[in-house]
Amino acid sequence: METLGMDIGKDFYFAQITDIHIRENAAFESERDNLTWALGELENLEPRPAMILATGDLGCRGTAAELAAYRELVSGCSLPIHALPANHDLWGEADESAWTGQIGPTHQKIIAGGVHFILINETQRTESGGWKAQITPQQMAWMKRQLREADGAPAVVAMHAPPLPMEGNFVERWQDSNADELFDLLSAHAVKAVISGHWHRNLRWQVKGVPVINTGALCGWQYNEVPPYTMFPVRPGYRLFHF
């Protein structure tokens, strides 16, 4: 369990699941089994989590059918689940309409336990057909409004691809992007943490005083379509955040 330094209340906590990678082909059952297991376990915790954040890669190839399969699997969960999209959720369709139709908005703010949770989609399509991690000017303006409206209340930002500084820049999909501008904003508003996934690893670091907490994949080592097949040698799991 990850503990964040806020005096919100001894029983307030929430769960994060990420990188589920449900595949359209129902022959691949392990990812669906992992999601069913995690939701059942979270529902039976005492006290119960206030909510579940699903930080992207719900699907694998970004098709509407995969998103529909995810929606069906979570439909019976008694806990509130709030999801944000990522590259594996978006690249199988021509636009974001499959996500908005099946799951909901691509970015949103939730207030729970006095904490403002800002869920943002940093996945931007490139002209070459790929994607990069970047906050658009419109998204940045929206985040600024949400943080101003928080008016000093604790705020947590959730996204998929973790921004990680290395040698003065940001590696992987944030390379040559606007992560510095993003963290200037988050640091100025004393954001308590950035919560992410994508790397299938449990990691923690700080950027400009803001903790970045990266959670391992719910699919664990089972998602191994890219050689070497031991690329993600971690067990399936989720993370609990306690205040």
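The exercises below, each with a worked solution, concern a predicted model. Residues are numbered from 1 along each chain as its sequence is written, and side-chain values use heavy atoms, with hydrogens and water left out. Local features need pLDDT of at least 70 and side-chain atom pairs count only at pLDDT 80 or more, while totals for chains, interfaces and linings use all residues.

**Exercise 1.** Describe the lining of the second largest pocket.

Solution. Begin with the term: on a 1 Å grid over the protein atoms alone, a pocket is an open set of points where a 1.4 Å probe fits, with protein on both sides within 12 Å along at least five of seven lines, and lining residues have an atom within 4 Å of a point. The volume, which is the space filled by probe spheres set on the points, is about 160 Å³ for the second largest pocket. Among the lining residues are Y70, R71, I81, H82, W99 and Q108. Finally, sort the lining by class, which gives seven nonpolar, four polar and one charged residues, with Gly counted as polar.

**Exercise 2.** Find where the backbone has a cis peptide bond and where D19 and H198 stand with their positive phi.

Solution. Recall that most residues other than glycine have a negative phi, and most peptide bonds are trans. The bond from E46 to P47 is cis, with omega near 0°, and P47 lies in the loop between helix 1 (30-43) and strand 3 (52-55). Turning to phi, D19 has a value near 55° and sits in the loop between strand 2 (13-17) and helix 1. H198, with a phi of about 75°, belongs to the loop between strand 12 (193-196) and strand 13 (203-207). D19 is buried at 0% relative accessibility, and H198 is buried at 14%, since buried means under 20% relative accessible area (1.4 Å probe, protein chains only).

Notes:
Helix = DSSP H or I, 4+ residues; strand = E, 2+ residues; numbered from the N terminus. Buried < 20%, exposed > 50% of the residue type's maximum accessible area, 1.4 Å probe, protein only.
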